[in-house]
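Reader: I have a new model open and would like to learn how to read it. Can you take me through it feature by feature?

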Amino acid sequence: MPDTPNNHLPAGTHAHIRLTDASVALGGRPVLTGVDVTLSAGTALAVVGENGRGKTTLLDVLAGARRPDVGTITRRGSVGTVEQHLDISEGRTVGDAVNLEIADSINALQALDSATTAMVEGRPGADDAYASALDRAMLLDAWDADRRVDVALEGLSACTDRAQPLSSLSVGQRYRVRLACVLGARHDILLLDEPTNHLDASGLEFLTERLREHPGAIGLASHDRALLRDVATHFLDLDPSQDGVPRLYGGGYEGWVEGRRRERVRWEQTHAAQVDEHDRLSRAAEDARGRLHDSWRPAKGHGRHERATRAAGAVQAFNRRREALDRHRVTVPPPPARFLWPEWSVPAGRAVLSCDEPRVSGRLTAAVSLSLDTGDRMLLTGPNGVGKSTLLNLLAGEIEPDSGRVDRRPDARVSLLSQEVPGWDPHRTGAEIYRDHVDRLGVTSAPGLVTTGLLGSDTVGTPVSRMSQGQQRRLHLALCLAEKPDLLILDEPTNHLSFSLVDALTAALRTASCAVAVATHDRQLLRDLSDWPTLVIRR
């Protein structure tokens, strides 16, 4: 069904977007099904789900950039969106981008000036025109629009020179200019897709504060768990559910986590109950089949009439059991497998490795010395470019230092989840790569790839060249855990992984008997591991 036109006029507390029973298919593949959601003043909705679940598509539908194939949508109020690409043609400047975004405020002030002149000149109807223009200007706080944008440009470390051509700015700078314009325009509703892209720590803090202060509605999709924890009031989860319909959770981040956990338990219990009942009916039908077979061959001495009577009763019993089995269907799909941390244990306090100021020319120049024993924890932080990944590769033995030393216990097993995808044969499937890896290790107790909960049965047979970044990342993690290492090294482990998997992995790392070293910029992971010993690498 068609949606209502997008009303760009500000509506204040009456602004809303209401999407009802909406479905969208892309290329014949269902992406969104049965979505019901309302954005209104005071609501900050986080749209979450694995890659490919339709987060961006949903934001496009809410913004009016895409129409739902099924369902209805109504909008009232002004909507601000942030595209990843900004038009830089024909010498457009930062000032042009600003003026385009705050055009409503500019027009409102112009209308107020015109109405003021009409009043002074005593034109008919000038009083009503002035009152209307003043109301609109006040609703937009139009006098302050330029200042708000300037504050946002400063807060996001964006270009503040209005005369600067957009084409002369980097992609990150252009994005920050666009985001600042939207934040300063005082839209009723903000729809933001990955708004933390290209922001540094101070920019993240500024964005978080502005979103928390926003009086209208917010819809956002983000991989930044800290932003969602700090801002979101509701969560729309697009990941698979028992009935295939997205789930809406209130109560902020914790409400979503707890609601999702309860939903998962109910799903597992309902599916297990149906499977158990189906198995019970199958056994009953087989027992009736056996009795039917025996009834045609009674022990010697039984008469013809008794044989017929017993046979008829057995046939009736078998038919009843068969009909009951035919009526019963397992209607609840099996839930996705949970992440399984492999069971392995290493003795505590055994030396794994030490390093004495290893350096790699042009990549790691800071003086770093450390030692790690089984059971130790290390959180590695520092700005981009100081050599964190290089240090982790040195510890794992992937590269050798130009100077300094890295000493490992000869029999120590060290596994590295790097940011780069290993050089797998692109034609081989995840199952084949995992099986070959386990065979080379000679590990007899490694769980099957599906059993790990990292890749589903519908994915393990896919060639790695056709896997998403998230699926490749999960496969790489499965290979690392199959090694049952003495030291597990994780370089930006939250990249391309779902929130639920990151939460489960974080919990497992706390109790692992092996040594663990983690390098990350993820603000929420830094919060979660804030009690770990921290090594900061500086320039």
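Author: We go through sheets, a helix, cores and ring pairs in turn. This is a predicted model, so a rule applies: local features need pLDDT of at least 70, side-chain atom pairs count only at pLDDT 80 or more, and totals for chains, interfaces and linings use all residues. Residues are numbered from 1 along each chain as its sequence is written, and side-chain values use heavy atoms, with hydrogens and water left out.

Reader: Start with sheets. In what order do the strands β1, β2 and β4 stand?

Author: The general idea first. Strands of a sheet pair through backbone hydrogen bonds, either parallel or antiparallel. Strands here are DSSP runs (E, at least two residues), and helices are runs of H or I with at least four, numbered from the N terminus. Two strands pair if DSSP finds at least two bridges between them. Now the case: the order is β2-β1-β4, an open sheet with antiparallel pairing.

Reader: Why is one side of β2 and of β4 left without a neighbour in the sheet?

Author: β2 (29–40) and β4 (70–76) stand at the edges, each with a single partner strand, so one side of each has no neighbour in the sheet. Neighbouring strands are turned by 20° against each other on average, direction ignored. Angles run from 0 to 180 degrees between N-to-C directions, on axes fitted to C-alpha atoms, for helices over the stretch in contact. Strand β1 (residues 16–26) pairs with β4 over six bridges. One landmark: His16 stands opposite Arg76 in β4.

Reader: Which helix packs on this sheet?

Author: Helix α1 (residues 55–63) does, touching β1, β2 and β4. Contact means heavy atoms within 4.5 Å. The direction of α1 makes about 130° with that of β1.

Reader: What is the order of the open sheet that holds β10, β11 and β13?

Author: That order is β11-β10-β13, with antiparallel pairing. Its edges are β11 (369–373) and β13 (403–408). On average, neighbouring strands are turned by 10° against each other, direction ignored. Five bridges join strand β10 (residues 351–359) to β11. Cys355 has Leu370 in β11 as its bridge partner. Helix α11 (residues 388–396) packs on this sheet, touching β10, β11 and β13. Its direction makes about 50° with that of β13.

Reader: Do β14 and β15 run parallel or antiparallel?

Author: Parallel: four bridges join β14 to strand β15 (residues 487–491). Ser415 has Leu488 in β15 as its bridge partner. Both faces of β14 (residues 414–417) are covered, with Val414 and Leu416 buried on one side and Ser415 and Leu417 on the other. Buried means under 20% relative accessible area, exposed over 50%, partly exposed in between (1.4 Å probe, protein chains only).

Reader: Now a helix. How many residues of α6 are buried?

Author: A general point: an α-helix has 3.6 residues a turn, so residues three or four places apart point the same way. In α6, 13 of its 14 residues are buried. The expected value is 1.5 Å times one less than the number of residues. For α6 that gives 20 Å, and its end C-alpha atoms are 20 Å apart, which agrees. Just after α6, Arg186 takes a positive phi of about 65°.

Reader: How many residues does the largest nonpolar core have?

Author: A nonpolar core is a set of buried Ala, Val, Leu, Ile, Met, Phe, Trp, Tyr and Cys residues joined through side-chain atoms within 4.5 Å. The largest here has 43 residues; Val177, Leu211 and Phe235 are among those with the most contacts inside it. Helix α6 (residues 171–184) gives the most to this core, with seven residues. A second, separate core of 38 residues includes Leu417 and Trp424.

Reader: And how many aromatic pairs are there?

Author: Rings of Phe, Tyr and Trp (its six-membered ring) pair if their centres lie within 6.5 Å; planes under 30 degrees apart count as stacked, over 60 as edge-to-face and the rest as tilted. By this rule there are five aromatic pairs. Phe235 and Trp256 are stacked, 4.8 Å centre to centre with 0° between the planes. Phe235 lies in strand β8 (residues 234–237) and Trp256 in helix α9 (residues 252–295), so the pair ties together parts 21 residues apart in sequence. Trp256 and Phe499 are edge-to-face, at 6.0 Å and 75°. Both are buried.
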